[in-house]
Amino acid sequence: MKQVSGTGSQVSGKNALPVHPAGHAFTPASGLDRRDLFKFAGVSLALAGVTACTRQPAEKIVPYVRQPEEIVPGKPLFYATAMTVGGFATGLLVESHMGRPTKVEGNPLHPASLGGTDAFAQAAVYSLYDPDRSQTLIQLGEIRPWSAFLGEMRIVLEEERPRRGAGLRILTGTVSSPTLARQLTELLAALPEARWHQWEPCAPDNARAGATLAVGSPVNVIPRVAAADVILSLDADFLGCGPAQSRLAREFGERRREGAAGAEMNRLYVVESTMSATGARADHRRPVKASEIEAFAHAVASAVGLGAPTGSAEAGGPFAADRFARAVAADLGRHRGRSLVLAGDHQPPAVHALAHSLNGMLGNAGRTVLYTEPIEARPEIGLDSALVADLAAGKVRTLLILGGNPVFDAPADVGFRAALSKVVRRVHLSLENDETSEECQWHVPEAHFLESWSDARAFDGTASIVQPLIAPLYGGKSAHEVLAALSDQPEETGYELVRATWKTRMSGDFETAWRRALHDGVVAGTAAAAVVARPGGGNFQTGAGNPSHDSGLEITFRPDPTIYDGRFANNGWLQELPKPITKVTWDNVAAISPATAQRLGVVNEDVLELSFSGRRVRAPAWVVPGHPDDSIGVTLGYGRAKSGRFGSRAGFDAYSIRPSAALWQGAGLQVRKTGEKYPIAVTQPHHSMEGRHFARTASVEGIRRDPEAIAKMGEKPPASLSMYPPRPVNTYAWGMAIDLGSCVGCNACVVACTAENNVPIVGKDQVVRGREMQWLRIDHYADGDPANPRHSFQPVACVHCENAPCELVCPTAATVHSAEGLNDMIYNRCVGTRYCSNNCPYKVRRFNFFHYSTQFRAPSMRMLANPDVTVRWRGVMEKCTYCVQRINEGKIRAELENRTVRDGDIVTACQQACPAGAIVFGDIADPGSRVSKMRRSNLSYGLLAELGTRPRTEYLAALTNPNADLDEATPA
């Protein structure tokens, strides 16, 4: 363990704050002195002379004997598939170049996607080609063939059949795959004493328990944000994460755009225990401790006439007289049947039950919220204590762990690692040789979802066939094939198993239906049937609704917005992706409010010792405006002991202090300053616009009173006031419009741009130095009261100025203006003066200080690069090109069809990925194009347009819809 600076003491042990190894930072090669330089030069010249007269040996190549008709060199194909996270599927379209997947897009036909994606899906191809993936089947450290594993499973069957499977246990994550559920059911029928358990570290267990409490069964909840005029979020980050995030972001954005166009705009209230992306988009936000959410929900329920408020009759509950709660309740009451109450998955069951009851009383059931049967094959809550007890008692001879990493992410108090050691035969299937694999005798490399056949269901039950785009790179196996090893047909493939499942479920001609399902990415008619749910009366008391105000600090555990529960810890694109709120990369932090930080004497990067439930961990502090007082927020997934070059020992392990009784939140946290510092790499070190209107915001009523309010926030010089000569528009004039009212800061566009344009990662050390390479960034601004500021997201890339300051100062004419308005970069002219970057007011140019692109030269990573875009070498300036390769492809296609480019023909990578539809690209010379219409809006403005740059990218100001009953200037 590397020594942490500050005290001079050696930090060691599981609870110490990890320090990034060299693999996390881009480490340039050690410099050569002049003597070494001339030595190498001399050797090179000598070798050149020796080999000058030689020739390469002849190598025979074999052309296509019969070229597949669908394969056209240079023209990609797209295949529909689905990615599963936490058990729920999102439909995707994957771009394939000559059999090599390179880019992921959303499937417009899939209900969870609607054409958009999230950052996890966009980064999936990086995980596919990750050279740190497990590549061999291992038994006790020795490489073994697949036949040896099949033989071992034969032994298991011979042992367990006489015992009816009493010594067999299977542990999976959440299962929505119909095929995997069928296999498990058949196995348990053959071995009735065997047991199937599930553990998902970020599962919606509280939502299931709350539905059971309110309705009587763990029904599945489908919110319809598009139909809701008023939304109350009780700690629900529905715009930032979850299986339906892309769809809900699209619905929310559409309502915002409709409101800006004159229709009724929705209103969002957020009461939350951490600063989230959903909270940043709220019209009214209230930060409270996690333990106070239930009391607030009771106060709202009481105000609308549902049950009694929390607390004594005399006191009326801590929020009974709260003006904010009363205003929310009144607004919900005015919009009966058109309102929506959502509870966060991490809130206790009572809060979910209250949300169900409120929706029922307000007439929202069947309108803004639908109920279906559970989507999961077997809804379970938490890690079954019976499993750990059986493991510890030695009752289990064989444990089969299909995916997941329970040694790392199981609750800290259950002792899973110790219990696991008592099992005679331990088998683990995973993409990585991780912490759980280290504790098992058998490790089976798992096939990536882009390499294997499977199926899965979306948040509404719609099933998709997961079809591979490439053969397993390392001979990996799917969970279906591992389970088949315990059947009478051990050699059955995933393809055969999935087809066997759907032969009995698809109506009509099977082959026709099967091909249609593969083509569309959805199996028609498989959405879960709606059920009629009648929530109870809402008086769900658990004791947590009346918190003690002298209970001290609380802690909240949340999935990380970039690496989720730790499964993406070794994905370099996601590790270097800035968190939406903090802009932190390569680490997790302990989020703390400005007031609490001041009270404790804590500043950014102070190392804190967090003591909770008898366990301790060290974490760097980060002050987050808008975080609730007296609460510390940590994210899960970091602190991995065994992941890969990027995931191992990055950040701190919040799982190590997460007990089963407080999986998401708990009181009694103790904090101690250690006196040490830990450097954090952030991409945006400021939190305000410093008096400048970068991300402009206005209320709906304010715009109706003064339609020019947005324009008055800045100055736009006339086009004639310029020393630049006018640029005639003879062909197309490309431009972009970004609707800040729809952007939810999800970062999908950032990863999409990285994947499309071969943008390299640089590592923590280079990010600390301000050398991140992403061509697109999303700035986050927090203005106003630090305790509860107003938040804004603003995507910023090269805005392709008509009067570009960068073009005048380049001594080699490497940055030039095209006839269609693009600010082009000619890489082979660039000599790295960086004058253009210094002269760019938007700071959107990136410079290759080192050979960052060497990541594409690893054997497997070579297949990651997009062949339509160059891989830049050291010493050139990079930036957004409006995806010029897509522009040219669209123009060529239009020319072959003897027509002009139609509006919508060309879609940039960021536009295609955006789940909210906030980005629009097109020809601004066409007055009928979407981008032209958006730029003519009175909400449109140019970033720093007062400088006379005339940017081709313009923004639409975000409109809010505040409640007139809540005067934000007066404390609630």
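1. Strand 36 and strand 37 (residues 953-956) run antiparallel and are joined by three bridges, where strands are DSSP runs of type E with at least two residues, numbered from the N terminus, and two strands pair if DSSP finds at least two bridges between them. Within this pairing, Gly-942 has Glu-954 of strand 37 as its bridge partner.

2. The model is a predicted one, in which local features need pLDDT of at least 70 and side-chain atom pairs count only at pLDDT 80 or more, while totals for chains, interfaces and linings use all residues. Residues are numbered from 1 along each chain as its sequence is written, and side-chain values use heavy atoms, with hydrogens and water left out.

3. The open sheet is formed by four strands in the order 35-28-37-36, with mixed pairing. Strand 35 (919-923) and strand 36 (940-942) each have a single partner strand and stand at the edges, so one side of each is left without a neighbour in the sheet.

4. Trp-734 is among the residues that touch the most other members of the largest nonpolar core, which has 193 residues; such a core is a set of buried Ala, Val, Leu, Ile, Met, Phe, Trp, Tyr and Cys residues joined through side-chain atoms within 4.5 Å. Leaving aside neighbours within four places in sequence, Trp-734 is in contact (heavy atoms within 4.5 Å) with residues including Phe-921, Gly-922, Asp-923 and Arg-952.

5. Ile-470 lies in the loop between strand 18 (463-466) and helix 16 (479-484), helices being DSSP runs of H or I with at least four residues. Ile-470 is buried, at a relative accessible area of 15%, where buried means under 20% with a 1.4 Å probe and protein chains only. The C-alpha atoms of Ile-470 and Leu-128 are 9.9 Å apart in space, although the two residues are 342 residues apart in sequence.

Note on methods. Buried means under 20% relative accessible area, exposed over 50%, partly exposed in between (1.4 Å probe, protein chains only).
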